[in-house]
Protein chains: 2
Amino acid sequence: MNSKDIISEIVGSNDITSVMFVGCGASKGELYPAKYFLDHNAKNLQVSHYTANEFNFATPANLGSSTIVISASLGGTTPETVKSNSIAKEHGAHVITLTRAEGSPLTVDADYTIVHRFAESYSAKLEKMGYALELAVEILNQVEGYEYYPDMIDGLNRIYDFCDDAVKTVEKDAKYFAEQYKDAPGIYVMSSGATAEVAYSSSVCLMMEMQWINSGNFHSGEFFHGPFEIVEKDVPFILFMNEGSTRPLDARALTFLQRFDAKVTTLDALDFGLSSAVKKTVVDYFNPFVITAVFRVYAEQLAIARQHPLTKRRYMWKLEY
Amino acid sequence: MNSKDIISEIVGSNDITSVMFVGCGASKGELYPAKYFLDHNAKNLQVSHYTANEFNFATPANLGSSTIVISASLGGTTPETVKSNSIAKEHGAHVITLTRAEGSPLTVDADYTIVHRFAESYSAKLEKMGYALELAVEILNQVEGYEYYPDMIDGLNRIYDFCDDAVKTVEKDAKYFAEQYKDAPGIYVMSSGATAEVAYSSSVCLMMEMQWINSGNFHSGEFFHGPFEIVEKDVPFILFMNEGSTRPLDARALTFLQRFDAKVTTLDALDFGLSSAVKKTVVDYFNPFVITAVFRVYAEQLAIARQHPLTKRRYMWKLEY
């Protein structure tokens, strides 16, 4: 069943007033563009986004039969998110869950499961984010109406091929980045808009979890209200630059970083021509796709340069905690 | 005009359907408990929270005459937040602003200004957070009704004296912390629930901005989905532990940190007897007050041990950017 039909079935017989996105770590981050889209465009819908155990232990009062819960877990076994689906179902919410693992524990209490791919290609890694956004677009359009619905659908149809093309162009830059950053004791990551949580997950997952590199992350708009005092010559930053509404925030941060000789690597959606592939009316929401795809290549090259595979763990998959 | 009368005047002649919190840096963080309270308790109200320039450059579609915007800036001159008030007013929203500086640029486009204290005492530093929460409680109670309204009002009446008492007991622990952490190359800060953005602002403002110490921050519930792989013997962490709903998330993180011999300092609301001062029905929302008050003492001691005053800056107040 596709996103449109799922939402149509739910909306057809229920008065939907709230949408909650629930996940952990990278999966939480991948739900953010959908949350950001609804937060910025919904006229009436309540929209929220939780790490799963906060949803479980401090369950929001409005959870109920007027709620759609969209949850995600790559392997479908994250215990906190499995529990969230169960709590959501107990409250009578409509649960749509995203996972690569059909029949996994995550799917037990879900009313609808969307199975996405992951390892097959760079664009396959974007499907979780893409399905979440597609669901958000369908919810908004079917519940309230959405002026740029055709532009979003067109963008969703084009974005995967666009990203697969983008990654083909970056190997040289990614290798240069890896050489420059391989001995960095810590790396900061920032972005804005719909890409804010790509910065978050690149920091806590790709850097801290998968490379054991110290890292912090923040919103480009917040940079000037605290974090920028850490800037000195050669302090390492990664800046994800967006096309669209929040570009001036990213550009202002870049100007500052360059002025004080920070070590800065930018991944810029404009360099890949994002707005030639998707309409300017909706370009904001597609930045996280191209940035996620391209930064994966950078992370892979960093892993090679550091001889530290992205799959290496101290604790995860190894012990109970 | 007090919070109750302000909200009563707005709600008396308008159908309020959304509340937006807008600020930068520490001021953004201090609005979070109010946002968290509404997010977890509102049945119908839309609730959102923006760094000011994201609000300005990617203005949400629902901003209008049914919106209350609550903004904050300590000195009342933060250009981004001043601009937010102006945008909010242009859209017909009801603007309530919090500042210590009566007559500052921030107040020009505000329909209501609440002047708070700051430097007078540890509890005075909490007034911005307190007024924001009080406004949120009044909005919820007057628009939808709120079962624990009397408990919240009682808590708001008690919390300032409670925090002034709490800070009197921590000097010895704060000095010990400062000695232990003064040479740390980086410090991680985490918490959960309403205190999540106290961890955020402690990391980006107190550590990065005011001490030039590398720092990262995350939600205790997210710790196990990425950041925990950085844990080794002696990696420095600060954990803010909450009383109430999300305590199990903080406690689980503590158990892990101790198991692997991280260098961990906990500030625990339970140690100060928070739930003896405020009702258990609403204790969740008062954790950020006691943690903010107490951690200020820790930061002050760290500044002394490092001979780096909290007011020292490289860039802020010194140049245009």
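How many residue pairs are in polar contact across the interface of chain A and chain B?

1. The rule finds 40 such residue pairs across the interface of chain A and chain B, both residues being at pLDDT 80 or more. A polar contact is a pair of N or O atoms within 3.5 Å; within protein, one must be able to donate a hydrogen and the other to accept it, and residues adjacent in sequence count only if both atoms are side-chain atoms.

2. This is a predicted model, in which local features need pLDDT of at least 70 and side-chain atom pairs count only at pLDDT 80 or more, whereas totals for chains, interfaces and linings use all residues. Residues are numbered from 1 along each chain as its sequence is written, chains are lettered from A in the order in which they are written, and side-chain values use heavy atoms, without hydrogens and water.

3. Between the chains, 68 residues of chain A are in contact (heavy atoms within 4.5 Å) with 68 residues of chain B. The buried area, that is, the accessible area (1.4 Å probe) lost on putting the two parts together and summed over both, is about 5700 Å², and carbon and sulfur atoms give 53% of it.

4. Across the same interface the rule finds 4 salt bridges, each a side-chain nitrogen of Lys or Arg within 4 Å of a carboxyl oxygen of Asp or Glu. Glu80(B) pairs in this way with Arg252(A), with 3.1 Å between the closest N and O atoms.

5. The structure holds 5 cavities of 30 Å³ or more. A cavity is a set of points on a 1 Å grid over the protein atoms alone where a 1.4 Å probe fits but cannot get out, and lining residues have an atom within 4 Å of a point. The largest cavity has about 1100 Å³ of space, and 40 residues line it. Nearest its centre lie Lys28(A), Glu197(A), Lys28(B), Tyr32(B) and Glu197(B).

Terms used:
On a 1 Å grid over the protein atoms alone, a cavity is a set of points where a 1.4 Å probe fits but cannot get out, and a pocket is an open set with protein on both sides within 12 Å along at least five of seven lines; lining residues have an atom within 4 Å of a point. Grid points are joined across faces, edges and corners, and a volume is the space filled by probe spheres set on the points.
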